[in-house]
Amino acid sequence: MEIDCQPEDSIVCSFDEDCVELGDVKDMRLEAEAVVNDVLFAVAEMHVSQSLSSASDVAYINVETREGNHYCLELTEAGLRVVGYSFDQVDEDLTTQYHETVYSLLDTLSPGYREAFGNALLQRLERLKQSGR
């Protein structure tokens, strides 16, 4: 199998581990940056929205899948969900399911993400196997 991306060494980590706690409240802006850094290798483009207002309890992430589909994601304590089908768009009438992790959400949206993530895991396992010899 070929890989067309260079994943980071720690591809299997939860964005919850990287969050910043302010008292009992997570800062979603910083957590959103951690989410982006975790999976950027497996999507075409991903960044925290500069146009939509983020706060300590909500942040918005724009993502373009490997298939070329655009999404605006909302990140809250409840998890991540699609809130729009283009960058920086929030459709108040859209009711989509929350996902606990970015991995779960992207797995449902993008076969290309699933393939890139799987390939990255295989590559990592192969490196571990080779270093164990």
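**Entry 1: aromatic pairs**

I began with the rings, and the structure holds 4 aromatic pairs. For this I took rings of Phe, Tyr and Trp (its six-membered ring) as paired if their centres lie within 6.5 Å, with planes under 30 degrees apart called stacked, over 60 edge-to-face and the rest tilted. One of the pairs is Y103 with F117, which is tilted, at 5.8 Å centre to centre and 45° between the planes. Y103 sits in helix α2 and F117 in helix α3, so this pair ties together parts that are 14 residues apart in sequence. I also noted one aromatic cluster, formed by F41, Y103, Y113 and F117.

A note on the source: this is a predicted model, where local features need pLDDT of at least 70 and side-chain atom pairs count only at pLDDT 80 or more, while totals for chains, interfaces and linings use all residues. Residues are numbered from 1 along each chain as its sequence is written, and side-chain values use heavy atoms, with hydrogens and water left out.

Are Y103 and F117 buried or exposed? I call a residue buried under 20% relative accessible area, exposed over 50%, and partly exposed in between (1.4 Å probe, protein chains only). Y103 has 16% relative accessibility and counts as buried; F117, at 15%, counts as buried too.

**Entry 2: the overall layout**

I then stepped back to the whole protein, which has 3 helices and 6 strands. These are DSSP runs numbered from the N terminus (helices H or I, at least four residues; strands E, at least two). Along the sequence the pattern reads β-β-α-β-β-β-β-α-α. Of the 133 residues in the protein, 42% are buried. I looked up contacts as well, meaning heavy atoms within 4.5 Å. Among contacts with a separation of 6 or more, 44% are between residues 24 or more positions apart.

**Entry 3: helix α2 and its neighbour**

Which residues of α2 are buried? In this helix, residues 102-109, I found V102, Y103, L105, L106 and L109 buried. Seen down the axis of α2, they fall within an arc of 160°, so they line one face of the helix; the arc is that of the directions from the helix axis to the C-beta atoms. Their cover includes α1 (28-39), β3 (45-48), β4 (59-64), β5 (70-76), β6 (79-84) and α3 (111-131).

Next I checked how α2 meets α3: they pack at an angle of about 125°, with axes 5 Å apart. That makes α2 oblique to α3. Axes here are lines fitted to C-alpha atoms, for helices over the stretch in contact, and angles run from 0 to 180 degrees between N-to-C directions. Angles under 35 degrees count as roughly parallel, over 145 as roughly antiparallel, 65 to 115 as roughly perpendicular and the rest as oblique. On the α2 side the contact is made by Y103, L106, D107 and L109, and on the α3 side by P111, Y113, R114 and F117.

**Entry 4: two single residues**

V48 is found in strand β3, and at 9% relative accessibility it counts as buried. What does V48 touch, leaving out residues up to four places away in sequence? I listed A32, E33, V36, S54, Y60 and I61. The C-alpha atoms of V48 and R29 are 7.9 Å apart, though 19 residues separate the two along the chain.

My last stop was D88, in the loop between β6 and α2. Its phi is near 60°, a positive value in a residue other than glycine. D88 is partly exposed, with a relative accessible area of 30%.
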